[in-house]
Amino acid sequence: MSYAHPEVLVDTEWVSKNPPNDNMKLVEVDYDPVNGYQKGHISGASLIWWKRDINDPVTRDIINKKQFEALMSKNGITPDTEVILYGDFNNWFAAFVFWVFKYYGHENLKIMNGGRKKWELENKNYTTDEPQMTQTTYNAQPPDEGLRAYLFDVSRILGREDSVMVDVRSPAEFSGEITAPPEYPMEHAQRGGHIPGANNIPWATAVNDADGTFKAVEELKQNYESKGVTPDKDVICYCRIGERSSHSWFVLKYLLGYPMVRNYDGSWTEWGNMIGNPVEK
Amino acid sequence: MLLDLPVLKKGSFYFIKDGDTDLIMEDKTKRGLTIKETSIDEKLNVKADKGMIHDMDGIGHWVSIRWYFSKNYYDLSQVMVHAEAMEKKYTKLRELTCPEDND
């Protein structure tokens, strides 16, 4: 049995044999480009820096339509361009960017399965040369709000049997033992725990430990369905800042084909900081 | 294992522990960080356990968690010089962000 949308994945071997061209762009998405892209990246890949390029510089929000269009232009992408995304941190931020591209209606989009992790395990080449991009004109679609959950959406589905929350954080974060690992001192919340009724299905349960590639469809189905996350429900994924949850959103929506899955990008750093929000431990 | 070592000196921000062959200075503000490598700390020129902290922009910075001062070359008073410098640095930072109300 194959994934519901196998066309959204390419493997490292294919990328190594198909360099980017006028109609196909390769984009590395990094949380930490200093220790990623700048030290070496796949030949021809441009960089999207999650913090600088995908987030509004002032307000906590993803970039707006106009900012997205400018980003596409800068990366030489048109609405018809085939875009392949890969990145650091197990493709978490590549998945987040995939979600933002879909939010603004970009159709021809793929993720390189395994990201930097698999590329490096295979000892494939990197370069430090940065490609020259010709600016394009890009007209994005209006945001598809069906892909995004806001605080009020989450509040509204609490306790509803036709909806399910998937908390993809680690068990220690879910239980409230920690709010963030010490490596990320900027990502804490005032309260530890989880959104009442949420299921803890860590993002890592969707990938193969050895190389970071996605598990087979049967394993993925078992992973989610056994915990009540079924395609007939309205599913909302969340984590701490919305990047790991976009990875699980990608799995549920594109690999398993669930019709109604949203990413709550406010995630725990919003929920766990709001006065009066209910918290379960 | 390191937890069980006798503490020779401690401050608000450091411990100095008595290892078999080393005096081990620990930065208490780095507790819990995953050790990613052990290599020479270029500033103090001794072996150190190092981890990474990500800043507001996501950029990872290498930080030393604990330093191993060989007993062959260092005594406690020499290690204390470094510990007190660290204490002073963090005390100053704390005063900048959370000054005590002396009124």
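Predicted model: local features only at pLDDT ≥ 70, side-chain atom pairs only at ≥ 80, totals over all residues.

Analyst: Just after α4 of chain A, A:Gly105 takes a positive phi of about 80°.

Start with the length of α4(A). At 1.5 Å a residue, its twelve residues should span 16 Å, and the end C-alpha atoms are 17 Å apart, which agrees.

Now, is this helix buried or exposed? Twelve of the twelve residues of α4(A) are buried, so the helix is largely enclosed by the rest of the structure. The buried residues include A:Trp92, A:Phe93, A:Phe96, A:Trp99 and A:Phe101, and A:Lys102 is buried as well. In general, nonpolar side chains in soluble globular proteins tend to be buried together.

That brings us to the largest nonpolar core, which has 72 residues; A:Leu85 and A:Val97 touch the most other members. The largest share of this core, eleven residues, comes from α4(A). Domain 1 (6-143) and domain 2 (146-271) of chain A both give residues to the core, so it lies between them.

Setting aside neighbours within four places in sequence, A:Val97 is in contact with A:Val29, A:Ile48, A:Ile54 and A:Leu85.

The centres of domain 1 and domain 2 of chain A, taken over C-alpha atoms, are separated by 23 Å. Across the boundary, 18 residues of domain 1 of chain A are in contact with 17 residues of domain 2 of chain A. On the domain 1 side, the elements that give two or more residues are α4 (92-103) and α5 (115-121) of chain A. Of these, α4(A) gives the most, with eight residues. By class, the domain 1 side has ten nonpolar, five polar and three charged residues.

Two asparagines in loops are worth a visit too. A:Asn90 lies in the loop between β4 (82-87) and α4 of chain A. Its phi is near 60°, a positive value in a residue other than glycine. With 20 C-beta neighbours inside 10 Å, A:Asn90 counts as buried, because the cut-off for a buried residue is 20 or more. The other one, A:Asn123, sits in the loop between α5 and α6 (151-157) of chain A. A:Asn123 also has a positive phi, about 55°, although it is not a glycine.

Finally, a glance at the partner chain. Chain B has one helix and six strands, and along the sequence they follow the pattern β-β-β-β-β-β-α. Buried residues make up 17% of the 103 residues in chain B. The contact between the chains takes twelve residues from chain B and eleven residues from chain A. On the chain B side, strand β5 (residues 46-54) gives the most, with four residues. That side divides into five nonpolar, six polar and one charged residue.

Definitions and conventions: Residues numbered from 1 in each chain as written. Chains lettered and ligands numbered in written order. Contact = placed C-beta atoms within 7 Å. Nonpolar A, V, L, I, M, F, W, Y, C, P; charged D, E, K, R; others polar. Domains from an automatic or database assignment. Expected span 1.5 Å × (residues − 1). Core = buried A, V, L, I, M, F, W, Y, C linked by C-beta atoms within 7 Å.
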